[in-house]
Amino acid sequence: MKSINKAILVGHVGKDPMINVFEGGRKKAFFSLATTERYRDKIGAEQSVTEWHNIVAWGTQAEIVEKYVRSGYPLYIEGRIKYREYTDKDGIKKRVTEVYLENFSILSPRNASE
């Protein structure tokens, strides 16, 4: 049996991507993506819940993200979920969930001239 690790998200970029450049020029881009679920509660009032996702891109994908992705842009993203652990400056272990970008599309910029 083959296993599958695939995440598909449609949301808006939280902040302009941050770019790290490593020895040899390889790039890593990371940014947050907001997805919002809207629904009506028991009394009919509209509610919304926003989830924030950590997106990571490497190499060529990172270069494309650096060049074209900006805060507020709506994106379609495909990637795989990865978990990373680290110890913060206070010695507390943290666990981060990230989506490693495999494919993405900018759905439409906020301003058509962009």
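Buried means under 20% relative accessible area, exposed means over 50%, and partly exposed is in between, with a 1.4 Å probe and protein chains only. I looked up tryptophan 58 under that rule and found it partly exposed, at 28% relative accessibility.

**Entry: ground rules.** I am reading a predicted model, in which local features need pLDDT of at least 70, side-chain atom pairs count only at pLDDT 80 or more, and totals for chains, interfaces and linings use all residues. Residues are numbered from 1 along each chain as its sequence is written, and side-chain values use heavy atoms, with hydrogens and water left out.

**Entry: overall layout.** I noted one helix and six strands in the protein. Helices (H or I, at least four residues) and strands (E, at least two) are DSSP runs, numbered from the N terminus. Along the sequence the pattern is β-β-β-β-α-β-β. The C-alpha atoms fill a box of roughly 55 × 45 × 40 Å along the principal axes. Of the 114 residues, 29% are buried. I also looked at contacts (heavy atoms within 4.5 Å). Among those with a separation of 6 or more, 56% are between residues 24 or more positions apart.

**Entry: the aromatic pair.** I went back to tryptophan 58 for its partner. Rings of Phe, Tyr and Trp (its six-membered ring) pair if their centres lie within 6.5 Å; planes under 30 degrees apart count as stacked, over 60 as edge-to-face and the rest as tilted. The structure holds one such pair. Phenylalanine 22 and tryptophan 58 are stacked, at 5.6 Å centre to centre and 25° between the planes. Phenylalanine 22 sits in the loop between strand 2 (18–21) and strand 3, and tryptophan 58 in strand 4, so the pair ties together parts that are 36 residues apart in sequence. Phenylalanine 22 is also partly exposed, with a relative accessible area of 37%.

**Entry: the core.** A nonpolar core is a set of buried Ala, Val, Leu, Ile, Met, Phe, Trp, Tyr and Cys residues joined through side-chain atoms within 4.5 Å. The largest one here has 17 residues, of which Ile55, Val65, Leu75 and Ile77 touch the most other members. At least two residues of this core come from each of strand 1 (7–13), strand 3 (27–40), strand 4 (46–58), helix 1 (59–68), strand 5 (74–87) and strand 6 (93–106). In soluble globular proteins, nonpolar side chains tend to be buried together.

**Entry: leucine 75.** I picked one core member to follow. Leucine 75 lies in strand 5 and is buried, at 0% relative accessibility. Beyond four places in sequence, leucine 75 touches several residues, including Leu9, Val13, Phe31, Val69 and Phe104. Leucine 33 is 42 residues from leucine 75 in sequence, and 8.3 Å away C-alpha to C-alpha.

**Entry: glycine 11.** Glycine 11 is in strand 1 and counts as buried at 5% relative accessibility. Leaving aside neighbours within four places, glycine 11 is in contact with Leu33, Ala34, Thr35, Tyr73, Pro74 and Leu75. Between glycine 11 and leucine 33 I read 22 residues in sequence and 5.9 Å C-alpha to C-alpha.

**Entry: glutamate 78.** Glutamate 102 is 24 residues away from glutamate 78 in sequence and 5.7 Å away in space, C-alpha to C-alpha. The contacts of glutamate 78 beyond four places are Lys6, Ala7, Ile8, Tyr100, Leu101, Glu102 and Asn103.
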